[in-house]
Every structure is written in C-alpha cells, then in structure tokens.
Amino acid sequence: MKIILDDTFTKQQLYPFTAVRNAADIRIGILTVREKWEKILGYAISTNDAGINSPKAFSDENDSPAFISSDIVPTKKWLDKMLLNGADENMLKDENEVRVLKHAIDIVKNNDWALRKDFELVTTGRKSQPISGTNKVTAAHNIFIEEGAKVEHSFLNASAGPIYIGKNAEVMEGCMIRGSFALCEGAILKMGSKVYGATTIGPNCVAAGEIKNSVMFANSNKAHDGYLGDSVLGEWCNLGAGTTNSNVKNTAGHIKMWDNATNDFIDVGSKAGLLMGDYSRAAINTSFNTGTVVGICCNIFEGGFPPKRVADFTWGNRKYELEKALEHIDNWKKIKGQHLTNKEKEILLTLYNK
C-alpha cells in the first residue's frame, strides 16, 4: 500500500508550524511524524505538498494510495493494526498507541508520550555507546547514546523517563537533565543547562538555560540563559540572551491562544508557553506572555511584552520588507554552513503576497 500523508484539513489548526511545511514534518518526540511512519514501515512516505492529490500521481495505476491525515501520530502497534483493519474513528481513541494533533500546543502536550514511544522504536535491539564515568547517572538502562555523541561531567536522571542523545550531539559540562529528553543529531546543550522532561532539542540546535516540556524543531538557537517552558520553536529561530516566556497565568486560570482554524483565540488549558514559527527571532531579554503565537519570519526587538499574536513577516511593529527578510534568513543560515534555497524563497514569496 502506498501512503500519502495529507494535511489539507489540518494546515490551519497546526499553524504556525504548517506555514512552510506539511504537518507530517512536525517534530514530536525524537522523530518527525513522517519519520515515524517511515521508520515503522521501512520505506519513504509521500505527502500532498508536492501536488500529489490523486492515484494518478503514481505510475502503477492499479495501486491506489491511502490518504492519511498528517495530524495522526502513530506507533508501530497502532500502524500494524490500521494496515490490517483500516483506519476508523474508533482506532483514533486508543491514546496509548496513537495521538491526533488538533492545535499546535498539542505538540508539547503529547511530547512526553511521543518521546517514550520513539525511544522504544529507535533503540529496540540496539546497544548504546558507553556512558562516560565522569557523569552522575540514574537509571542507566533508560539512557541511549548514539555514535559520536559527547556527554561529560553532567547529571543524567532517566528514572522518570528515557534520555536519548543523538549522533554527534554534545552535552557540555555541568548540565542537569531529567528525562524524558532527546538531544537530536548534531545538537548542542551548553554548559550548566537545566532541562526537565518532556523536552526535545532537534537536529543542529543549540540550547542553554532552563528548558521544560518544550520542542525545538531543527537548526534553532536558545543559546543563553532564560526560561523556555511548554513551548515550540520552529526551524531557524533564535532567542536572544535572557529571553523568557510565561507558561502559567498569574491567576492560574485557563489560557487563550490564537487558532488559525477558527480565526480566534481558543481555550488551551492552564499551561501554554510560546509557539514561534520558522525563521523568527527575538532580541535579548524579550519577555513573552503566556500563550503567545509568533508567525514566520518575524524580528521581535521592541520593549515591553510582544502581542499574544504576532503576524507573519513582522519587523518590530511594522511589516518586514521581503528582500530584507530573505537576506537576514540567509545570514543566519550561513552561520550553520547553509543557504536559503530557491524552494524556500518561492514558498516565502507566496506567503508574503497572500
């Protein structure tokens, strides 16, 4: 069976992280949604973002594809059952084996579950690299270190959840980590960081300070002190030194957060931090209110609390000029040895002109 992960009906509800990607490429746990499907099935999975919208997109006319909503986060047990019996509403009710993302804040609400499931999926039948004796370790059986990773002079407590250190990642001296936690390939956790579960630091990210129940997709930086809690950063984001977000209201009441699907603020519960779209940045000592949503390609630098909803392509309190936005994104990508691609430029131009 050929599977296409389709976000036609989920794109708005998972904004800002679906502005420049299919929902299948959202990272939750260790892997993205697409990577989970591919890891379980053992072959590449297509998405509808390349114009694939009918069986005619395939050369084999007799092989009709199955369109699966990209907001479904599978496990092996659930996927095996789905392939055998077909998907239906009842199958989506088994929260131990499948989760459905209905709002972007659901990424952090379900990250502990996803980390545990991915840890089992990625490490079963494999042997971890040795844990250096310079570290203070609790529940070593629940820690997996990939080849090329460096972890020295740190505290690793996996008694409350697994700890996964990806290939060529580095945990610098003096870090305190409590699972569940994933530091993905090539990522760096800087000296003296304090990290609580359930946290994912995506590939090639740089993280520091105090982090709790948050997800950084890839290539983003929170490289200094400051608090990040119950939050999600897309790709190529940067938080300046001292930047902090609130994740609980002073009243401890329920939080209203922007929802693109309803074009309104909705109740998301009593804990919600910052959702920051791709290519966005915040200046030093920025303070984000509880339940803030920042769009893509924003540069936040003025005093006071930013609004709880910051529109795409915002520069301070005005519209970002497109050419400057593209130039600045490319500057940040150069720091990590990359460049803004033509495909990225086309996507951003289309979004800018909406």
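Buried means under 20% relative accessible area, exposed means over 50%, and partly exposed lies in between (1.4 Å probe, protein chains only).

Before moving on, note that this is a predicted model, in which local features need pLDDT of at least 70 and side-chain atom pairs count only at pLDDT 80 or more, while totals for chains, interfaces and linings use all residues. Residues are numbered from 1 along each chain as its sequence is written, and side-chain values use heavy atoms, with hydrogens and water left out.

**Stop 1: salt bridges**

Stay on D230 and K212. They form a salt bridge, with the closest N and O atoms 2.6 Å apart. A salt bridge is a side-chain nitrogen of Lys or Arg within 4 Å of a carboxyl oxygen of Asp or Glu. D230 sits in the loop between β21 (227-229) and β22 (232-233), and K212 in strand β18 (residues 210-212), so the pair links parts of the chain 18 residues apart. Helices (H or I, at least four residues) and strands (E, at least two) are DSSP runs, numbered from the N terminus.

Next, select E146 and R126. Their salt bridge has its closest N and O atoms 2.6 Å apart. E146 is in the loop between β7 and β8 (150-151), while R126 is in the loop between α4 (111-123) and β6 (136-138). The two are 20 residues apart. E146 counts as buried at 10% relative accessibility. R126 is partly exposed, with a relative accessible area of 42%.

Now go to D71 and K102. Their side chains meet in a salt bridge of 3.6 Å, N to O. D71 lies in the loop between β3 (66-69) and β4 (72-74), and K102 in the loop between β5 (98-100) and α3 (106-109), so the pair ties together parts 31 residues apart in sequence. D71 is buried, with a relative accessible area of 3%.

Then select R21, E235 and D278. A network of salt bridges links them. Across the whole structure, a search finds 14 salt bridges.

**Stop 2: the open sheet**

Show the strands. An open sheet of 9 strands runs in the order β7-β10-β13-β16-β19-β22-β27-β30-β32, with parallel pairing. Two strands pair if DSSP finds at least two bridges between them. The edge strands are β7 (143-145) and β32 (309-310), and each pairs on one side only.

Zoom in on β7. With strand β10 (residues 163-165) it pairs in the parallel sense over 3 bridges. Find I145: it stands opposite I165 in β10.

**Stop 3**

Select helix α1 (residues 33-41). Its buried residues are V33, R34, K36, W37, I40 and L41. They cover an arc of only 160° around the axis, which puts them on the same side of α1. The arc is that of the directions from the helix axis to the C-beta atoms. These buried residues pack against β1 (3-6), β2 (46-47), β3, β4, α2 (76-85) and α4. Just after α1, G42 takes a positive phi of about 85°.

Step on to A44, in the loop between α1 and β2. A44 is exposed, with a relative accessible area of 65%.

Move to α2. Its buried residues are W78, L79 and M82.

**Stop 4**

Select D259, in strand β25 (residues 256-259). D259 is buried yet has no salt bridge. The nearest side chain of opposite charge, R309, is 11 Å away. Lys and Arg count as positive and Asp and Glu as negative; His and the chain ends are not counted.

Look at contacts, meaning heavy atoms within 4.5 Å. Leaving aside neighbours within four places in sequence, D259 is in contact with Q13, H103, D264 and I266.

Finish on the partner strand. β25 and strand β26 (residues 264-267) run antiparallel, joined by 4 bridges. The bridge partner of M257 in β26 is I266. Between the strands of this hairpin are 4 residues, and N263 takes a positive phi near 55°.
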